[in-house]
Amino acid sequence: MDNPLLKLYRSKIYTAILMLVLLLAIGFLGYRFISGYEWLDAIYMTVITITTVGFAEVNPLDTESKIFTIFLILASVVIVGYALSIITEFILSRNNIEDIKQRKMQKKIDAMTNHIIICGYGRNGKQAAKKLLAYEKPFIIIERDKDVIEKFQDDDVSFVFGNASEDEILLLAGIDRASTLICALPSDANNLFIVLSARQINPKLSIISRASEETSYNKLKLAGANNVILPDRIGGDHMASLVVIPDLVEFIDNLGIVGERNINIEEVKVEQLYNASEERTIRDLDLRKKTGCTVIGFKDDKGEYIVNPEADTKLIPGSKIIVLGRPEQIQKLNSEYDIV
């Protein structure tokens with residue numbers, strides 16, 4: 001996105017260029033018709049006059065030609081000086097504006113807590129960012145390609161420029177305050193190094209890493225990654241499933257469609273639904289009647305999952321429920337219980 005000040009400077013540059021072109025045209029025509037020079041001689045005289053190099057005239061100048069030359073010299077001093085000042089100001093201001101934008105973004109990042117950090121804005125990184133935007137989760141992207149940052153940076157996406165394998169860059173992204181780290185770099189070695197560094201800085205961090213080779217899976221887990229994703233394996237399995245059980249896979253895909261407010265599955269902490277000091281069950285919540293959502297899963301405080309839990313399942317502190325519903329039902333659930 002262009003800064004308004006940069007646009008203003010660009011318009012001034014275009015104006016200065018137009019004035020230079022007009023000055024050259026006036027010089028060509030003046031020497032051609034006032035002094036009677038041939039076109040090449042007229043161009044030569046115009047260039048040496050505007051640049052003030054001091055070469056000799058092609059032919060002696062008469063009174064009218066001398067007056068015209070005086071006008072051309074004075075005009076060229078003003079216009080060329082103006083053009084040079086605008087170009088210099090533009091170059092300096094561009095650097096200042098970039099610094100201001102960077103400081104503003106860093107100030108925004110410094111205010112973030114419990115955010116997500118994505119390392120790398122390639123195919124996997126973009127997909128992760130798209131999903132997080134749909135769920136309105138705060139995140140920061142670490143990217144070392146400045147062209148990528150300039151192309152995709154906007155008010156919704158915050159970037160940190162640098163190599164994610166450096167501790168200083170991770171700290172600039174707030175790794176010590178973050179809740180989750182997503183390593184989406186194409187190199188398993190780089191992801192492994194980042195996982196090791198991040199785990200040392202923030203032991204409580206949840207780390208999700210991409211892996212290209214199956215041999216990297218155990219290494220990344222041992223380094224401290226909570227989850228390791230193999231995109232190639234998932235992609236191949238998904239394509240085969242579309243052959244074996246196409247309707248089921250298509251239905252599941254539709255549950256996870258990324259789009260504005262198009263969220264069909266949601267996980268909710270029990271503390272967001274009621275005062276957890278009062279023991280309740282799924283039946284007591286009666287979410288189906290209140291919101292239209294159906295409870296399809298339960299995760300207890302120890303991380304154990306129950307699919308399609310019974311209605312008398314006790315909701316203990318630290319547990320979560322997974323609910324299924326149409327987008328409007330999920331919205332009603334969030335509105336009913338003030339879930340952000």
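Predicted model: local features only at pLDDT ≥ 70, side-chain atom pairs only at ≥ 80, totals over all residues.
Now step back into α2 itself. This helix covers residues 39-50, which makes 12 residues. From its first C-alpha to its last it reaches 16 Å, close to the 16 Å expected at 1.5 Å a residue. Which of its residues are buried? You'll find A42, M45, T46, I48, T49 and I50 tucked away in that category.

Next, head for the largest nonpolar core, which has 41 residues. The members that touch the most other members are I117, I118, F139, I141, I142, L181 and I194. Pick L181 and look around: leaving out residues up to four places away in sequence, L181 touches I117, C119, I175, I194, A198, L205, S206, I207 and I208. There's also a second, separate core of 17 residues, and L285, V295, L333 and I339 are among them.

Finally, let's go out to the surface. Here V243, V244, I245, L248, F251 and I252 form a nonpolar patch, and together they have about 610 Å² of accessible area. Two elements, α9 (231-244) and α10 (246-255), each give two or more residues to the patch. Of these, α10 gives the most, with three residues. What about I245? You'll spot I245 in the loop between α9 and α10. Is I245 buried or partly exposed? Its relative accessibility is 39%, so I245 counts as partly exposed, since that label covers values between 20% and 50%.

Note on methods:
Residues numbered from 1 in each chain as written. Heavy atoms only, no water. Core = buried A, V, L, I, M, F, W, Y, C linked by side-chain atoms within 4.5 Å. Buried < 20%, exposed > 50% of the residue type's maximum accessible area, 1.4 Å probe, protein only. Contact = heavy atoms within 4.5 Å. Helix = DSSP H or I, 4+ residues; strand = E, 2+ residues; numbered from the N terminus. Expected span 1.5 Å × (residues − 1). Patch = residues over 30% accessible without salt bridge, like charges linked within 9 Å, V, L, I, M, F, W, Y side chains within 5 Å. Areas by Shrake-Rupley, 256 points an atom, 1.4 Å probe, with all protein chains shown as cover. Salt bridge = Lys/Arg side-chain N within 4 Å of Asp/Glu carboxyl O.
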